[in-house]
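Hi,

Here is the structure I promised to pass on.

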Amino acid sequence: MSTLRDVISAHTDLTSNSAAHLQRLVAEWQLLADLSFADFLLWGAVKDHPGRYVCLAQVRPTTGPTAYEEDQVGRILEGDDAQHLNVAFTEGRIFREGDPVWRGDVAARHEAIPVRRRDRREVIAVAARDTNLSDTRSPSHLELNYLKTADYLVQMLTDGGFPPPLLPGEPTTAPRIGDGLVRIGSDGLVRYASPNALSAYRRMGVTGHLRDRDLAELTRSLPSNSDVGADAARRIADALAGGTPRRKEIESKGATVLMRALPLRPGGKAAGALVLVRDITEVRRLDRELVTKDATIREIHHRVKNNLQTVAALLRLQARRVGSPQARQSLEESVRRVSSIALVHETLSQSGDESVGFDQIVDRVASMAVEVSVAESKVTLRREGTFGVLPSEYATPLVMVVNELIQNAVEHAYPPGQDGEVVIGVERDSDHLRVTVSDHGKGLPEGFRIADSTRLGLQIVHTLVTGELRGTIDMRPRAEGGTEAVVDFALQ
């Protein structure tokens, strides 16, 4: 039972709406732990056992020492050990009055914070803020501001105002406390800005300190696209008014900063807003490089496809001018082989990565095989199973193998004019692929072995399967008549 929903379902009677609220809390509460320099443990009441509580989730701070070396999820508390949880659950208030609790050599201060939903007043869970007291030095100015902001959010947690509702399409990732923090008062003026936040704003062209400056107006006046600055300023103003605006990327003077604004309204009273900022300039630069490289790779695949189609056209033209039927057939077979490889590169030129949906490629190869053989026989092709997405290093040799096996079955399994069917069967799991090409035709010659075959097509198949795909191939008679070729290889 590793997920929060699993633990909730196994131990509590919480409704689906309450469980969803707790999942949003767990997605956001790294913010609380880092601001508080403390572990946060989420406790739920065990169903049918009054006074017993189970730890549903845990988060450790990245800004201070943890109070628990071992994972606490699934731990049960009751009796005197659960006194702080009892008070928070039954009285619906924050519990702070207990003595430090020792776990081995570590003393921790326990606080219990009732968790409510925005639309309900009953306590659905308790968030325990457990602070490691081993570091007893005087807090710095930064730490004091972190703790003050944490107290605002903790009060909002018990009021139902935290976590904020998740907007449609909004990512769960956001700037963290260490990336940069600005706390502004209800008047919009900066009360505190961390060093990283100040650095982010200076990269965007701000000079001087941020303290006592109107952050919304400062952001609006950044030397950037005026619409971007105005939009970011509106989001800060929205947070001051109690809203939960979406995250916003601001670009100015070559720097890119991700901004998130959260309202601070403990007890429903306006106390300003918390603005988190993260300098993502280097991340966006790398993104642009990747986009450029991706476009270059796709262009290369497009040009390779065009070159292969040109080669196929030249071979086709040469086949028309050759007088020998055997030479013409050999050239036409080469045209089909080159065209099958061109299909892979065509698909890669339209894809965003180096993988292809192989089903559509096989279906087109099968269609081409039927088209060129329709004058000689009436053979239909059918695919059972799905190849899914394959990396290009497998797709290129595999399309050649499947093309040759289909062509071999279409040309040699059935006499001219006879109806027949060729079936392409696929079995795939996470790391293995098995492809079968079968027919109901006249079967194989006595003593046939593919490794000893003198046909160029089958020699190509054997070489590609054993060499490029590092797999095995077996051509054998079917019990119900006909032939089947079975290709097995591992997907590394």
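Let me start with arginine 478, which counts as buried at 16% relative accessibility (buried is under 20% relative accessible area, exposed over 50%, partly exposed in between, with a 1.4 Å probe and protein chains only). Before going on, note that this is a predicted model: local features need pLDDT of at least 70 and side-chain atom pairs count only at pLDDT 80 or more, while totals for chains, interfaces and linings use all residues. Residues are numbered from 1 along each chain as its sequence is written, and side-chain values use heavy atoms, with hydrogens and water left out.

Arginine 478 sits in the loop between β17 (472-477) and β18. Helices (H or I, at least four residues) and strands (E, at least two) are DSSP runs, numbered from the N terminus. The side chain of arginine 478 makes a polar contact of 2.6 Å with that of glutamate 480. A polar contact here is a pair of N or O atoms within 3.5 Å; within protein, one must be able to donate a hydrogen and the other to accept it, and residues adjacent in sequence count only if both atoms are side-chain atoms. Leaving out residues up to four places away in sequence, arginine 478 touches Ser438, Asp439, His440, Thr483 and Glu484 (contact means heavy atoms within 4.5 Å).

Arginine 476 has glutamate 484 in β18 as its bridge partner. The two strands make a hairpin with five residues between them, and glycine 481 in the turn has a positive phi of about 100 degrees.

For the cut-offs: rings of Phe, Tyr and Trp (its six-membered ring) pair if their centres lie within 6.5 Å, and planes under 30 degrees apart count as stacked, over 60 as edge-to-face and the rest as tilted. One of the pairs is tyrosine 53 with phenylalanine 89, which is stacked because the ring centres are 4.9 Å apart and the planes are at 15 degrees. Tyrosine 53 lies in strand β2 (residues 53-59) and phenylalanine 89 in helix α4 (residues 83-91), so this pair ties together parts that are 36 residues apart in sequence. Tyrosine 53 counts as buried at 4% relative accessibility, and phenylalanine 89 counts as buried at 16%.

Another stacked pair is tyrosine 394 with phenylalanine 489, at 5.9 Å centre to centre and 20 degrees between the planes. Tyrosine 394 is in helix α12 (residues 392-412) and phenylalanine 489 is in β18 (residues 483-490), so the pair ties together parts 95 residues apart in sequence. Tyrosine 394 is buried, with a relative accessible area of 3%, and phenylalanine 489 is buried at 2%.

Now the sheet that includes β2. Six strands form an open, antiparallel sheet in the order β3-β2-β1-β6-β5-β4. Its edge strands, β3 (76-77) and β4 (101-103), each pair on one side only. Eight bridges join β5 (residues 106-115) to β6 (residues 125-132), and glutamate 111 has arginine 129 in β6 as its bridge partner.

Two helices have a clear buried side. In α1 (residues 4-11), Leu4, Val7 and Ile8 are buried. Seen down the axis of α1, these fall within an arc of 100 degrees, so they line one face of the helix (the arc is that of the directions from the helix axis to the C-beta atoms). The buried residues of α1 pack against α2 (16-28) and β2.

The buried residues of α13 are Gly457, Leu458, Ile460, Val461, Leu464 and Val465. Down the axis of α13 they fall within an arc of 155 degrees, so they too line one face of the helix. Just after α13, arginine 470 takes a positive phi of about 55 degrees.

Last, aspartate 159, in helix α5 (residues 141-159), is partly exposed at 23% relative accessibility. The side chain of aspartate 159 reaches the backbone nitrogen of glycine 267 at 2.6 Å. Beyond its neighbours within four places in sequence, aspartate 159 is in contact with Arg121, Arg265, Pro266, Gly267 and Gly268.

Cheers

How values were computed. Pairing = 2+ DSSP bridges.
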